[in-house]
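This report covers strand pairing, a pocket, a nonpolar core and one backbone angle. The sequence and structure come first.

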Amino acid sequence: MIRAGLCAIVGSQGDMDVVGEAGDGAAAIELAERLAPDVVLMDIRMPGMDGLTATARLTAGENPPRVLVLTTFHQDAYVFQALRAGASGFLLKDSEPADLVAAIRVVAAGEAMLSPLSTRRLIDAFTSGAVTVDRTDDPRLTRLTPREREVLEQVATGLSNAEIGTVLGIGAGTVKTHVNALLPKLGVRDRVQATILAYDLGLVRPR
């Protein structure tokens, strides 16, 4: 019933097509490999392989789809695990249809999408010190230039490109260039993943 509702919402959009449905993680992986969707809406709790495992396997492949996790469960652990597994977004099933459609467009465009409550909880966890590690000698960070590290530190505080440019005294376009350069060096696909990594590696500390 839930999948039928999601299909109706997505299928009503002129720029979207539902190319497949799966009832568990293993089937989702098989379909995604065969149909090559742009975006996968992934539940967390499913029979057999769960959505977190399926997300990790999907995003580890070549030319992976963007994964938007959609679930009834709003526990912090699920948010962190989903993002670390490579998900590009996290929404609750009780989100408005318009929010779901907007989220699909956001992740399809290569950006990250979190529900407001997920974003707040993620930030709260980091700023409370619940997620702290010190691995500033990690090879991924040593690949960055000094300026790229500065930009990453500012990205992790949630600033926009324009705001980062003001802080560092450079143009927003230059900031965008640095962000585009540092993401592949870190092995991440978007700013949310970069922010999590910056905290995980101890580059940024809770204030």
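Which helices and strands each supply at least two residues of the lining of the largest pocket? In this predicted model, the elements that do so are α1 (2–11), α2 (25–35), β1 and α5 (97–108). Of these, α1 provides five residues, the largest share of the lining. The pocket holds about 910 Å³ of space. Its lining counts 32 residues, and Val 18, Gly 20, Val 39, Val 40 and Leu 41 are the ones nearest the centre. By class, 22 of the lining residues are nonpolar, two are polar and eight are charged.

**Strands**

Strand β2 pairs with strand β1 and is also joined to strand β3. The table sets out the two pairings.

| Pair | Residues | Sense | Bridges | Example of facing residues |
|---|---|---|---|---|
| β1 and β2 | 39–42 and 66–71 | parallel | four | Val 40 and Val 67 |
| β2 and β3 | 66–71 and 89–92 | parallel | four | Thr 71 and Leu 92 |

Helix α3 (residues 51–59) forms a right-handed β-α-β unit together with β1 and β2. How many of the residues of β2 are buried? Six of its six residues are, and the strand is mostly covered. The cover extends to both faces: Arg 66, Leu 68 and Leu 70 are buried on one side, as are Val 67, Val 69 and Thr 71 on the other.

**Nonpolar core**

The largest nonpolar core has 21 residues, and those touching the most other members are Leu 141, Val 151, Leu 152, Leu 182 and Leu 186. At least two residues of this core come from each of α8 (146–155), α9 (161–168), α10 (172–186) and α11 (191–200). Helix α10 gives the most, with five residues. In soluble globular proteins, nonpolar side chains tend to be buried together.

**A positive phi**

Where is Ala 36 found? Ala 36 sits in the loop between α2 and β1. Its phi is near 50 degrees, a positive value in a residue other than glycine. Most residues other than glycine have a negative phi. Is Ala 36 buried or exposed? Ala 36 counts as exposed because its relative accessible area is 58%, and the cut-off for exposed is over 50%.

Definitions and conventions: Residues numbered from 1 in each chain as written. Predicted model: local features only at pLDDT ≥ 70, side-chain atom pairs only at ≥ 80, totals over all residues. Heavy atoms only, no water. Pairing = 2+ DSSP bridges. Right-handed = clockwise from strand over helix to strand, strands pointing away. 1 Å grid on protein atoms, 1.4 Å probe; cavity = no way out; pocket = protein on both sides within 12 Å on 5 of 7 lines; lining within 4 Å. Points joined across faces, edges and corners; volume = space filled by probe spheres on them. Nonpolar A, V, L, I, M, F, W, Y, C, P; charged D, E, K, R; others polar. Core = buried A, V, L, I, M, F, W, Y, C linked by side-chain atoms within 4.5 Å. Buried < 20%, exposed > 50% of the residue type's maximum accessible area, 1.4 Å probe, protein only.
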